[in-house]
Amino acid sequence: MDILAGLAEGFAVALTPLNLGLLIVGCFFGTLVGALPGIGPINGVAILLPLAYSLGLPAESALILLAGVYYGAEYGGRISSILLNVPGDASAVMTTLDGHPMAKNGEAGRALALSALASFVGGTAALVMMTVFAPFLGRVAVGFGPGDYVALMVFAFSCLATLVGSRPLKTIIGVVIGLMLATIGIDSATGVMRFTMGIPNLFDGMEFLIVVIGLFAISEALLLLESWTPVASTIRAQRDNIGERVREIVGYRWTMARSAVIGFFVGVLPGTGASIASAVAYGVEKRMAQGDDAMFGKGDPRGLVAPETANNAAAAGAMVPMLTLGIPGSGTTAILLGALLLFNVTPGPLMFEQRPEVAWGLIASMYMGNIALLVLNLPMVGIFARLLSIDTAYLVPLVVMLTFVGVFSLYGATFDLVLMLILGFSGYVLRKLGFSLAPVILGLVLGALLESNLRRALSISAGDWSILFETPAAIVFWLLAILVATSPLVMRVRRRKAT
Amino acid sequence: MKSLKTALAALVLAGFALPAAAFEPERAECIAPANPGGGFDLTCRVAQRALEPALPSPMEVTFMPGGIGAVAYAHMNSNRIDDPNVIVALSSGSALNIAQGKFGADFDENDARWLASAGADFGAVIVREDSPYQTLGELMEAAKADPTGIVLGAGGSIGSQDWMKAALLMRTIGVDPRNLRYVAYEGGGASKAALLGGQIDVYTGDVSEMAGELGAGTMRILAVLSEERLPEPFAGFPTAREEGYDVVWTIFRGYYMGQEVSDEAYDWWVARFEELYGDPRFAEIRAEQGLFQFDMAGAEFDAYVKEQVASFRDLAREAGLIQ
């Protein structure tokens, strides 16, 4: 009953008026940061970190504030994905696939409410899993070697194949473009520069956020300009009945259960994170719906619920290695870890013993944060949905301005703005040619991970490829990959036999 | 009229008096050439906190990530080349990158005024708690017998500081660093995870990273790569030198300024850091950030950094990393 005692202590910390206030401030700020295209959780936490430090807050309060931002951003990211087809951050890319079509069909309110509820369920389910399994999972996560990662990435790629729809070749080309972008920068294994053209801003590779913003936001703005019809006429904002949505979401309980588990476990693995979790969850859901998946990509609520459940679950999962082992699972948790150091809390296996108020306080505050975010988000659905009635003449400049501010705030480099525009025009051309942009982003995210882990695996095994099939976990992922990749074929054969 | 004349006279006098008045930064700034939370951030926080009493207004910490300092170096050499108010955090990793030409072909170690140190960290040879190697000697003997039998890993690519530590150690027993089985991870955290997960056998990391692991029963330090034994809580760990392997790896942290900053401004900053080195409050701030004592400022530090870059350049050439 150590866990319950710890959690009780945590709630005692999280429920003090100061910490509760900070949590709500953090959640609100996080939602805002997540909703604004270009400013993601990393920036949000990075902006508030110096502030929290200079305010002289105690470590647990500062961490609660920052975690609220982190968490809020995962809720906020969906808003612009659904309304504008512009992901608020990289993990909300998948949300655009069905979320935006729903909004176009006049169901913006429904999509926003459903996704808020799905986020809540995903986040809370992951927290429960984290509370119960954290110490055990931390150990499992480190046992996950480069060979296992390679198998997981192959599985994720096979899930990507489900995004194909009617244009398999275009999806593959999109993924390859993403993979090519992933090779830019200093090679992580040998330190050799690749395709950097001597530009220091490219040494660290393509920043995901700039690619996401460029491809999605700028190209969307260009498309809006081109069509020049007021958005209000194509998308009608409407009031939505929350009670009805709650009843509806219960109908998706199995979608959410699967997605929460996938999201949480992918999130726990260091280095993967919410974008991959949501892609896998989406792919699995589409496969599960086989025969009944015609609406995926055109506004199927399951295609919205699955990635939103998974990315919030992954956000919680990423905290597991950070809290139990002092190892950050994602870019944002790396900053949170830095924040711990700044406040003289040494993260690591002993943190739960040495500073329980910080560790458990943080976990308890995440439970509270989920509730706070749901309460904050549901009433705002109508307000957000009304954003769509803004005339294109105002909306486009507003979006473009936000993207410029967001991208510039990353590193303060004009080079990034130029890069964003180049990517934006390329994205526009791709969309005109009938390409979907999500595969490009996923190719970029997955490609970097696949490459570095493949090379790690091979340097460990001194070039022996059998390391990729050595562990049970790896074999399971390879089998799943084969299953997912071949199931359409199998289904087709069966259907043919049946008729 | 008289009052105007007096005012004019006062102005003229003030005009003459100004150059004589000592330099003082107007809006001091420390650039951390990385994202918040990392080592460069901590380096800037040390300056921010320690220099607070010496500055007219609090020092601002700004972030400029990119190329492990390359973007900030280029920035300092274009926009802020003579800005007397800004200092930039640096580490021995920056010196290593300069030596290997990773700060761009246009820049080398003569394109900055190396200002002062903040402190230092030292390399450490780390294994899992249940590792068969109890001493550095045992590990080195095993490596000598079969250089490819041991998987080394750390948080940097081939040619990085962590790789250099491994390469230097192996050189002492005549093993060519190019034959190492070395695995590059992204940062110390991921390397520790790989060590705990059993993917690598040895992690050539830093001493300060181990502060949270001491007594946790997860990893052990076989040796530290410092000249002499470190203070508590690390006093129990032998140096590699004691064990008979002459390898020292000092990870220094410090600051630099633009190369055209006036001597007056440079000297003012040097004097502030020299004051700090005698201040017990500074020692406390430094220790809180996991840094050990390493006091060096002004011409001495400038010479030290340049000498380090030169020796890194030789090492890189020897290992075939650069021509």
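A crossing of two helices is called left-handed if the near helix is turned anticlockwise from the far one by less than a right angle, and right-handed if it is turned clockwise. In this predicted model, local features need pLDDT of at least 70 and side-chain atom pairs count only at pLDDT 80 or more, whereas totals for chains, interfaces and linings use all residues. Residues are numbered from 1 along each chain as its sequence is written, while chains are lettered from A and ligands numbered from 1 in the order in which they are written.

**Helix packing in chain A**

By that definition, α5(A) passes α13(A) in a right-handed crossing. Helices here are DSSP runs of H or I with at least four residues, strands are runs of E with at least two, and both are numbered from the N terminus.

**Where the chains meet**

Two residues are in contact if their C-beta atoms, placed from the backbone, lie within 7 Å. On this basis the contact between the chains takes 44 residues from chain A and 42 residues from chain B. On the side of chain A that touches chain B, the largest share, seven residues, comes from α15(A).

**Chain B and its domains**

Chain B has ten helices and nine strands, and its C-alpha trace spans about 95 × 45 × 30 Å along the principal axes. An automatic or database domain assignment provides the domain bounds, and it divides chain B into domain 1 (27-121 + 251-318) and domain 2 (122-250). The C-alpha centres of these two domains of chain B lie 27 Å apart, and their contact takes 13 residues from domain 1 and eleven residues from domain 2. On the domain 1 side of that contact, α4(B) gives the largest share, three residues.

**The nonpolar core**

A nonpolar core is a set of buried Ala, Val, Leu, Ile, Met, Phe, Trp, Tyr and Cys residues joined through C-beta atoms within 7 Å. A residue is buried if 20 or more other C-beta atoms lie within 10 Å of its own, exposed if 12 or fewer do, and partly exposed in between, with C-beta atoms placed from the backbone. The largest such core has 277 residues, and A156(A) and L115(B) are among those with the most contacts inside it. The element that gives the most to this core is α5(A), with 22 residues. Domain 1 and domain 2 of chain B both give residues to the core, so it lies between them. Leaving aside its neighbours within four places in sequence, A156(A) is in contact with I276(A), A279(A), V280(A) and L446(A).

**Backbone features**

Most residues other than glycine have a negative phi, and most peptide bonds are trans.

| Residue | Phi | C-beta neighbours inside 10 Å |
|---|---|---|
| N85(A) | near 65 degrees | 22, buried |
| F195(A) | near 50 degrees | 13, partly exposed |

N85(A) is found in the loop between α4 and α5 of chain A, whereas F195(A) lies in the loop between β2 and α8 of chain A. In chain B, a cis peptide bond with omega of about 5 degrees joins E232(B) and P233(B), and P233(B) lies in the loop between β8 and β9 of that chain.
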